[in-house]
Amino acid sequence: MKLKPLGDRVVLRQLEAEETTKSGIVLPGQNKEKPQQAEVIAVGPGAVVDGKLEPMEVKVGDHVIYSRFVGNEIKIDDDEVMVVSQKDILAIIEE
């Protein structure tokens, strides 16, 4: 199944929390709080403001930081995703 968000909504896939030890061993984050980082997997067309379509600032593939306690979690084909408004995205992570 594929999601197509409406308006200024964005579909996010949460990034896994991992911790690397000094020796380079990666420990999966099981007992930690969920990170507020996610990958954008779908974006809506944008919000209509004063009769004009405002373009989206994020695009598919961006890694972002989003506000805590926002959005709706949805399970699709054994994959958990989150739908949030673009205003709930705080920053795009650039590497």
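Q: Hi! Quick one to start: is Asp62 buried or exposed?
A: Asp62 is buried, with a relative accessible area of 9%. Buried means under 20% relative accessible area, exposed means over 50%, and partly exposed is in between (1.4 Å probe, protein chains only). Keep in mind that this is a predicted model, where local features need pLDDT of at least 70, side-chain atom pairs count only at pLDDT 80 or more, and totals for chains, interfaces and linings use all residues. Residues are numbered from 1 along each chain as its sequence is written, and side-chain values use heavy atoms, with hydrogens and water left out.

Q: Thanks! Where does Asp62 sit?
A: Asp62 is in the loop between strand 6 and strand 7. Strands here are DSSP runs (E, at least two residues), and helices are runs of H or I with at least four residues, both numbered from the N terminus.

Q: And what does the side chain of Asp62 reach?
A: The Asp62 side chain reaches the backbone nitrogen of Lys59 at 2.9 Å.

Q: Which residues is Asp62 in contact with, leaving aside neighbours within four places in sequence?
A: Those are Ala38, Glu39, Val40, Glu57 and Ile92. Contact means heavy atoms within 4.5 Å.

Q: Let's zoom out. How many helices and strands are there in the protein?
A: The protein has zero helices and ten strands.

Q: How are strands arranged in the open sheet?
A: Six strands form it, in the order 8-9-1-4-7-10, with antiparallel pairing. Two strands pair if DSSP finds at least two bridges between them. The edge strands are strand 8 (72-76) and strand 10 (89-93), each pairing on one side only. From one strand to the next, the twist averages 40°. For that angle, axes are lines fitted to C-alpha atoms (for helices, over the stretch in contact), and angles run from 0 to 180 degrees between N-to-C directions.

Q: How many bridges join strand 1 to strand 4?
A: Five bridges join strand 1 (residues 9-14) to strand 4 (residues 37-43), and these two run antiparallel. As an example, Val10 has Val43 as its bridge partner in strand 4.

Q: What does Val70 touch, not counting residues up to four places away in sequence?
A: Val70 touches Met82, Val84 and Asp88.

Q: Last one: is Glu54 buried or partly exposed?
A: Glu54 is partly exposed, with a relative accessible area of 39%. Glu54 lies in strand 6 (residues 52-54). Leaving aside neighbours within four places in sequence, Glu54 is in contact with Pro45, Gly46, Ala47 and Val49.

Methods: Polar contact = N/O pair within 3.5 Å; in protein donor to acceptor, adjacent residues only side chain to side chain.
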